[in-house]
Protein chains: 2
Amino acid sequence: MLLCDIGNTSYHFNEGTKDFKEFADSFEPQTIKQPTYYISVNQNVKEKLNDLDNWIDLETFVEREDYYATMGIDRIVALATITDAVVIDAGSAITVDVVRNGVFEGGFIYPGIKAMQECYRNISNALDYSFNFEVDLGKMAKNSPDAISYGYLKPFVDEIKSKNLPIILTGGDASEFKKLFPDARLDQELIFTGMKKIMKKAGLC
Amino acid sequence: MLLCDIGNTSYHFNEGTKDFKEFADSFEPQTIKQPTYYISVNQNVKEKLNDLDNWIDLETFVEREDYYATMGIDRIVALATITDAVVIDAGSAITVDVVRNGVFEGGFIYPGIKAMQECYRNISNALDYSFNFEVDLGKMAKNSPDAISYGYLKPFVDEIKSKNLPIILTGGDASEFKKLFPDARLDQELIFTGMKKIMKKAGLC
C-alpha cells in the first residue's frame, strides 16, 4: 500500500517500512501505476493528481468539522491518532496543535528555523547568527547570538511546556527541537499512521 | 541642548520639548551648526560624524562593562535611568532588557512586527496576514490569522510577564504592544533621559 504526503517542496512516500521523497516541482506522478493514497497541501500538485485515477485523495474522507476551515490537511491527519498531546511539526513553518481528551483545543503557527534565521538577518546583518539549541534558557542573554537564540526558543519552549501534555515531534527539524524537549516522542511516521487510521475508518483497507 | 539618537533608518532629534526626525540616508549632518550630543548604531553615519567637531559621540562616556560587547549603544543608554523594569524597545527588531535592583540581568531580541509579518509571508502566501493585537491569547487559535497572531504574541507576552517587573515600552511600535501590556509605561523619551543622565555624570551639562 503506497501512501504519500505532499508538501510544498516534496512528495513523501511510505510503503510499509520503505520511506522516500521526490521533489514536488520535478516529480511526474503518472510514473506511479499502483493505487496511491495521498494528502496534499500543495495546490499545484493536487490539480495534477485530479486527472490520475490511481491517486486517491484522502482529504475527501476526513471529517473537517472538528478542526477549522483553513487548517492544513497534513495537520488534521497528523492528529487523527492523538488523544492527549502537543504535536509539533517542525518544518518551514512550525505548527503546534493541542489535543486533550481527544478534543482539538486549537493551535498556533511559529516560524521554522530557516525562516526565522532569515528574518533576523533581514532586520540587520548584526543579527545574522545560527540558533544555538544548547543555549542556557535558564538565564537571559548577555551576547548577541544568545540574545537571538533565547528570543526564538525560550518563549516558544515555555508556551509548549505550559500545556502540560506529552509532546510529539515530527517534521524535518524535529531532532533539533528534541534537544529542547528531551522527554518528547520523535515520530516521523505520525502522518502515515493518521492516514492509515482514516483509511480503516473509511473501509479503504 | 540638541540630542540625537541615530538608528538604521533615521536621526531622531530632541531639543527640550521639540522632537523631530530626519532620514539617515539623505540628511546632511553638517547643516547642524550647534553642539549636538548623539549616539548611533548606524556605522555609516558614525563615520560621517567623526569629521564634524560639533557632533559629540556620547558612546565614549558610557560605561560598557556592566553590559556586553556587541550590545547596541541605544539599548545601553535606554537603561541608564532604570533600576527595576523590563524595557521593551519595539522597532524593526524588538529588544527586551531586564534590570533588577539596578543590575542588568540580560535580554533577548525578537523580530519586530514588520519583519515577522514578512517572515510568515515568506514561508507561504497562506500565512500572509496582519497580526491582530486584540486576539484572545487566553485560548489557542482555531483559524489561520489567529494562529499567526497567537504564535507571534502569546509566547512573547508570557515571557515578559514572567519577569514580574514593571514594563516600559518605547520605540515605533510601542503603542501596538501597549494593547498587550495595559499596565506598561509608554516612554518615547527614555533614550533622551538616559543621554542626559550620562551627560550629567560626565560633567557635560
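How many residues does the contact take from chain A and from chain B? The contact takes 38 residues from chain A and 38 residues from chain B; two residues are in contact if their C-beta atoms, placed from the backbone, lie within 7 Å. This is a predicted model, in which local features need pLDDT of at least 70, side-chain atom pairs count only at pLDDT 80 or more, and totals for chains, interfaces and linings use all residues. Residues are numbered from 1 along each chain as its sequence is written, and chains are lettered from A in the order in which they are written.

**The interface**
- On the side of chain A that touches chain B, the elements giving two or more residues are β7 (93-100), β8 (103-111), α3 (113-123) and α4 (144-161) of chain A.
- Helices (H or I, at least four residues) and strands (E, at least two) are DSSP runs, numbered from the N terminus.
- The most comes from α4(A), with 10 residues.
- This side of chain A divides into 20 nonpolar, 11 polar and seven charged residues.
- Of the interface residues of chain A, 100% are also interface residues in chain B, so the copies meet through the same surface.

**A sheet in chain B**
- Five strands form an open sheet with mixed pairing, in the order β8-β7-β6-β9-β10 (chain B).
- Strands pair if DSSP finds at least two bridges between them.
- β8 (103-111) and β10 (185-186) of chain B are the edge strands, and each pairs on one side only.

Note on methods:
Nonpolar A, V, L, I, M, F, W, Y, C, P; charged D, E, K, R; others polar.
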